[in-house]
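Colleague: I would like to learn how to read a few features of a chain from its coordinates. Can we begin with charged pairs?

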Amino acid sequence: MKLKYASFLTAFFIIFYGLNANAGTLFDLYAGATIGAGAATTFFNSEQETHSAQSYGAIIGIDIPVFRFELEYDYMQPNNANLHLGMINAYAKLPTPIINPYLGIGIGNVFGGKAGEIDIDSVTTYQAMLGATFDIPVLPIKIDAEGRALYAHDLYNIESVNHDLLQYELRLKLRYIF
């Protein structure tokens, strides 16, 4: 009788823990938050101006073994401006056990904001990311540390002078895996 009970429990744990361990092998859905700090440079005519900058954001995405895709919202504060951005990002990563280095690119749009008293129109933005993901084996949480460079062409126009923006920062992402 004890042998039947032990074999039943063993089969139960193998089936349910095995299914749970393999649930994320194809893909993981996640949601998370970002925070970043760095500097932003505004280019106009032949002059440039650099100030500190920060960003805050939210992300949702899908993580498959070699690639990761996400939608990102950012609230940025570069050079006395307040910007709202929506981005689509794609990452290529090395599938190593605990630390996963990655390289990413993104394209998006500034869909609102102000630079001083000037309203900012919708402009296209581009970004590149280089970082590493730290996997916490016991918890469904991953932490990303990355460097990011974001470029926006013709962010705003004052007296027929276009202003481009280059923001570079260090970011931390906290992702919860569903």
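Modeller: A salt bridge here is a side-chain nitrogen of Lys or Arg within 4 Å of a carboxyl oxygen of Asp or Glu. Keep in mind that this is a predicted model. Arg148 and Glu169 form such a pair, with the closest N and O atoms 2.9 Å apart. The pair links distant parts of the chain, since Arg148 lies in strand E8 and Glu169 in strand E9, 21 residues apart.

Colleague: Are Arg148 and Glu169 buried or exposed?

Modeller: Arg148 is buried, and Glu169 is buried too. Both also belong to a network of salt bridges that links them with Glu70, Glu72, Asp74, Glu146, Arg171 and Lys173.

Colleague: How many salt bridges does the rule give?

Modeller: The count comes to 14. Asp63 takes part in a salt bridge with Lys93, where the closest N and O atoms are 2.3 Å apart. That pair joins strand E2, which holds Asp63, to strand E4, which holds Lys93, across 30 residues. Asp63 and Lys93 are both buried.

Colleague: Which Arg forms a salt bridge with Asp63?

Modeller: Arg175 does, with the closest N and O atoms 3.6 Å apart. Arg175 is buried, as is Asp63.

Colleague: Let us turn to the fold. Which elements does the chain have?

Modeller: There are 1 helix and 9 strands. Read from the N terminus, the order is α-β-β-β-β-β-β-β-β-β. Among contacts between residues at least 6 apart in sequence, 57% join residues at least 24 apart.

Colleague: How do strands E1 and E2 pair?

Modeller: Strand E1 (residues 28-44) and strand E2 (residues 47-63) are antiparallel over 17 bridges. Asp28 stands opposite Asp63 of E2. The hairpin has 2 residues between its strands, and Asn45 there takes a positive phi near 50 degrees.

Colleague: What should I know about side chains along a strand?

Modeller: In a regular strand, side chains alternate between the two faces of the sheet.

Colleague: Which residues have the most contacts inside the largest nonpolar core?

Modeller: The largest nonpolar core has 16 residues, and those with the most contacts inside it are Met76, Leu83, Leu85, Val110, Ile120, Leu155 and Leu165. Strand E4 (81-93), E5 and strand E8 (141-158) each supply at least two residues of this core. Leu83 shows what such a position touches: beyond its neighbours within four places in sequence, its contacts include Met76, Val110, Ile120, Leu155 and Leu165. Asp74, Tyr75 and Pro78 are also among the contacts of Leu83. Over the chain of 178 residues, 37% count as buried.

Colleague: And the surface? Where is the nonpolar patch?

Modeller: Ile35, Tyr56, Ile98, Ile99, Phe134, Ile143, Leu172 and Leu174 make a nonpolar surface patch of about 700 Å². Phe134 sits in strand E7 (residues 123-135). Its class follows from its accessibility: Phe134 counts as partly exposed because its relative value is 34%. The accessible surface of the chain is about 10500 Å², and carbon and sulfur atoms account for 69% of that.

Colleague: Why does Glu117 count as exposed?

Modeller: Glu117 counts as exposed because its relative accessibility is 74%, and the cut-off is over 50%. Glu117 is placed in the loop between strand E5 (99-115) and strand E6 (118-119). Glu117 and Ala81 are 36 residues apart in sequence, while their C-alpha atoms are 9.1 Å apart in space.

Definitions and conventions: Residues numbered from 1 in each chain as written. Predicted model: local features only at pLDDT ≥ 70, side-chain atom pairs only at ≥ 80, totals over all residues. Heavy atoms only, no water. Patch = residues over 30% accessible without salt bridge, like charges linked within 9 Å, V, L, I, M, F, W, Y side chains within 5 Å. Areas by Shrake-Rupley, 256 points an atom, 1.4 Å probe, with all protein chains shown as cover. Helix = DSSP H or I, 4+ residues; strand = E, 2+ residues; numbered from the N terminus. Buried < 20%, exposed > 50% of the residue type's maximum accessible area, 1.4 Å probe, protein only. Contact = heavy atoms within 4.5 Å. Core = buried A, V, L, I, M, F, W, Y, C linked by side-chain atoms within 4.5 Å. Pairing = 2+ DSSP bridges.
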